Amino acid sequence: MSKIERKANELVFSFPHMGDYHVPIARLLENMFPAGRVLVPPPITKKTIELGSRYSPDFICAPFKFNVGNYIEALEKGANVLIQTGLGCRFGYFGEVQERILQDLGYEFQFFSLARENAKVKNAYQGFRRLGSPHSPAKFLAYVLIAAESIRIMDHFAFIMRERTGFALRPGSFEYLYGCMLEELRQVSTLRELIAIRRQYTDSFSKVEVRRPPDLLRVGIVGELYTLMEPYSNLFIEKELAKHNIVVSRKMSAAFLLFGKNSRKSLKDTGKYMKYWPGANATDSVAQSRRYGRLGYDGIIHMKSYGCTPEINAMPVLHNLGKDYNIPILYLSFDGQTNETGVQTRLEAFVDMLEMRRKTFEKDSLSRGGHRFHFDKGSRS
Ligand code: SF4
């Protein structure tokens, strides 16, 4: 692995991968630290997982291992400041343990964890200042806002892409446009530029020709955040579904966390199915599944990392919900060692079953002269 040239005292920032979010995060760090450098870790490969698994506790969930693999690869390339975040489960404590593991491996670096108290705006600002960011609070907030808006734009178009990509007359059109948009977001410096990007790609996406067959299948995806958002960790399930010409809906995203998540509302939206919040996004998984059930989706795929306690708690609830709404649910658990062929086989069997159910349903429906199908116009919110 070739190492970058680093000047004396130069700060080289890095952070773990999660889907395409390295684009706004790298831009945010470049804006925050004009005198430093940002090193996006190499794309996740089998080697990343091997490294992460070798140096992580056995029992820990997969996101921890993926992160450790990313950090080691970034440190080997010359990074010396590592950033971590943290959310409402053990993820909030990953930073401390990962820092210790990497120190024990002999690496020299600074570690900045934006978890718990450090995630509060005032503390985050002071932390960035300590690391050498020269900006005033107003400038700091402006850059955070640009990053958050970039994420909102990315996720907006990613949602549209997931729903439509299986039906593009020219396969790959949505992916191509999405890639171009990421390139532009990588350079963005002002909110005005962001508004222009959103407008431009709203126009471009609407011009992509799609042919949706009238009997299309719709599948909702729910589950653990990292597994859903890092395609390598779920073995690119969404792409596989698109190959089967399936409309894929997934609300869970970084934009959902930043702008849409409301734990109280989510618990209420679970209806009779949940009384308490079991941590992380388990209530969102149940609330969103209930919505897919009500909207007449053909199936739900629940994905999580092995050992993800919040989502394990959601599974029996989903089982009851699936029975009540007569909607099949495929449960998939992943870690770095998950067998790709096994997952593919289960996915294909699931899709075959959905197709058979649809045919049976259509026969019954035609004989009664009805059709149950209606589109989910609000699913992007
Ligand atoms: S949500 Fe689950 S898999 Fe993700 S970090 Fe928390 S416990 Fe681990």
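Predicted model: local features only at pLDDT ≥ 70, side-chain atom pairs only at ≥ 80, totals over all residues.
Residues are numbered from 1 along each chain as its sequence is written, and side-chain values use heavy atoms, with hydrogens and water left out.

Let me begin with the largest nonpolar core, which has 67 residues; by such a core I mean a set of buried Ala, Val, Leu, Ile, Met, Phe, Trp, Tyr and Cys residues joined through side-chain atoms within 4.5 Å, where buried means under 20% relative accessible area, exposed over 50%, and partly exposed in between, with a 1.4 Å probe and protein chains only. Helix H6, residues 137–164, gives the most to this core, with 11 residues; helices (H or I, at least four residues) and strands (E, at least two) are DSSP runs numbered from the N terminus.

Tyr178, Phe205, Ile237, Leu241 and Ile301 have the most contacts inside this core. If we leave out residues up to four places away in sequence, Ile301 touches, among others, Val219, Val222, Leu241, Leu330 and Phe350, contact being heavy atoms within 4.5 Å. A second, separate core of 19 residues includes Tyr71 and Leu102.

Now to the asparagines: Asn245, in the loop between helix H10 and strand E6, has a positive phi of about 55° although it is not a glycine, and Asn326, in the loop between helix H14 and strand E8, likewise has a positive phi of about 55°. Asn245 is partly exposed at 40% relative accessibility, whereas Asn326 is exposed at 53%.
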